[in-house]
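Work through these exercises on hydrophobic packing and aromatic pairs. Try each task before reading its solution.

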Amino acid sequence: MDNSPEIYIERLIEASKKKYKCLQDIILLTMAQTEAINIEGMDGLKKLISDKQVKIDEINKIDEEFGVYFARLKQKLGINKLEEIKSSDLKGAKELQQTIGQIMELLKEINELEKHNNEKAKGFLNDLGAKIRQIKEGKKLSNAYSPGTGLRQPSYFIDKKK
């Protein structure tokens, strides 16, 4: 197997493109979560969260692969950071840097969507909590004015004339 820096860069580009695709999928899932929070409530979120976790697990594997090849590339070139590679020095270095830049942009976008969804979910949960409290208060009032349907005690303080 050829252990040239270009081969490592090709592998890093492949891994980065896979990650980029997964992140695009996560954006779509996150947007769907926004809709689920608005329309469906919490039931619709369960499947989306599960689907998202599958993508996150996939990204973690890709990141592991990326880490292995990046460590080999750093060792081969004697560098510590990707920025130390001059894009003109190695074939594919510029494409790798561009792909990683695109990944960083997607991560920012996902982060913003997640923040927005968290705010909406908190609002939804607060509204739900308020509704539950209202229902409980309503039940208390209802029970206070119409005691249970169980055994009723006769009233001893009412005169019964015959």
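The exercises below use a predicted model.

**Exercise 1.** Find which elements give two or more residues to the largest nonpolar core.

*Solution.* 
- Start with the core itself: 25 residues make it up.
- Those with the most contacts inside it are I9, L12, L23, F66, L73, I85 and L96.
- Now assign elements. Helix 1 (5–38), helix 2 (42–77) and helix 3 (93–145) each give two or more residues to this core.
- Helix 1 gives the most, with nine residues.

**Exercise 2.** List what I9 touches, leaving out residues up to four places away in sequence.

*Solution.* 
- The contacts of I9 are L73, L90, K91, G92, A93 and L96.
- Among these, L73 and L96 are also listed with I9 for the most contacts inside the largest core.

**Exercise 3.** Classify the aromatic pair of Y8 and Y69 from its ring geometry.

*Solution.* 
- The structure holds two aromatic pairs.
- For Y8 and Y69, the ring centres are 6.3 Å apart and the planes meet at 40°.
- Stacked needs under 30 degrees and edge-to-face over 60, so the rest count as tilted.
- The Y8 and Y69 pair is therefore tilted.
- Y8 sits in helix 1 and Y69 in helix 2, so the pair ties together parts 61 residues apart in sequence.
- Both residues, Y8 and Y69, are buried.

**Exercise 4.** Classify the aromatic pair of F66 and F70.

*Solution.* 
- The centre-to-centre distance is 5.9 Å, with 25° between the planes.
- This pair is stacked.
- F66 and F70 are four residues apart in helix 2, so about one helical turn separates them.
- F66 and F70 are both buried.

How values were computed:
Residues numbered from 1 in each chain as written. Predicted model: local features only at pLDDT ≥ 70, side-chain atom pairs only at ≥ 80, totals over all residues. Heavy atoms only, no water. Core = buried A, V, L, I, M, F, W, Y, C linked by side-chain atoms within 4.5 Å. Buried < 20%, exposed > 50% of the residue type's maximum accessible area, 1.4 Å probe, protein only. Contact = heavy atoms within 4.5 Å. Phe/Tyr/Trp six-rings, centres within 6.5 Å; stacked < 30°, edge-to-face > 60°.
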